[in-house]
Amino acid sequence: MLSSRTEEDVMLMAHRETLTGLVREYEELSRTAVACRTPDMLRRLDDVAYTLCVSTGTRDADDALLAARHQLRDAHPGGGSTRVG
């Protein structure tokens, strides 16, 4: 028997350590990019933002950060918050 779930009902979730690393890297690159706006730095920031968006099912870096923080908080054993960044 086939499940009644549709593709819209299922969202893959990034591994907690992967998501934590992406958030930290994005935040670090964002801070660094303020002082050092090289093409390589901006390209890397765009790449990490894109990966965060894909990992969280969002289309905007700010939305991705918010979603990632919610996922990390909800995935933390015991329901407590996980500090990122």
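This report describes the helices, the nonpolar core and the salt bridges of a predicted model.

## Basis and overall make-up

Residues are numbered from 1 along each chain as its sequence is written, and side-chain values use heavy atoms, with hydrogens and water left out. Because the model is predicted, local features need pLDDT of at least 70 and side-chain atom pairs count only at pLDDT 80 or more, while totals for chains, interfaces and linings use all residues.

The protein has 3 helices and 0 strands (DSSP runs numbered from the N terminus, with at least four residues of H or I for a helix and at least two of E for a strand). Along the sequence the pattern is α-α-α. Of the 85 residues in the protein, 28% are buried (buried is under 20% relative accessible area, exposed is over 50%, and partly exposed is in between, with a 1.4 Å probe and protein chains only). Among contacts (heavy atoms within 4.5 Å) between residues at least 6 apart in sequence, 50% join residues at least 24 apart.

## Packing of α1 and α2

Helix α1 spans residues 16–35 and helix α2 spans residues 39–56; their axes come within 9 Å and cross at roughly 150 degrees. The axes are lines fitted to C-alpha atoms over the stretch in contact, and angles run from 0 to 180 degrees between N-to-C directions. The crossing is left-handed, meaning that the near helix is turned anticlockwise from the far one by less than a right angle; clockwise would be right-handed.

On the α1 side the contact includes L19, L22, E25, Y26 and L29, and on the α2 side it includes R44, L45, V48, L52 and S55. By class, the contact of α1 with α2 has 12 nonpolar, 5 polar and 2 charged residues (Ala, Val, Leu, Ile, Met, Phe, Trp, Tyr, Cys and Pro count as nonpolar, Asp, Glu, Lys and Arg as charged, and the others, Gly among them, as polar).

## Nonpolar core

The largest nonpolar core has 17 residues, of which Y26 and L52 touch the most other members. Helices α1, α2 and α3 (61–75) each supply at least two residues of this core. A nonpolar core is a set of buried Ala, Val, Leu, Ile, Met, Phe, Trp, Tyr and Cys residues joined through side-chain atoms within 4.5 Å.

Leaving aside neighbours within four places in sequence, Y26 is in contact with L45, V48, A49, L52, A61 and L65.

## The segment before α1

A14 is in the segment before α1 and is partly exposed, at 23% relative accessible area. Not counting residues up to four places away in sequence, A14 touches L19, S55 and Q71. The C-alpha atoms of A14 and S55 are 5.7 Å apart, although the two residues are 41 apart in sequence.

## Salt bridges

The model has 5 salt bridges (a side-chain nitrogen of Lys or Arg within 4 Å of a carboxyl oxygen of Asp or Glu). One of them joins E25 and R44, at 2.6 Å from N to O. E25 lies in α1 and R44 in α2, so this pair ties together parts that are 19 residues apart in sequence. E25 is partly exposed at 26%, and R44 is partly exposed at 37%.

R69 and E27 form another bridge, at 2.2 Å from N to O. Since R69 lies in α3 and E27 in α1, the pair ties together parts that are 42 residues apart in sequence. R69 is partly exposed at 36%, whereas E27 is buried at 14%. In the bridge between D74 and R73, the closest N and O atoms are 3.1 Å apart; D74 is exposed at 56%, and R73 is partly exposed at 34%.
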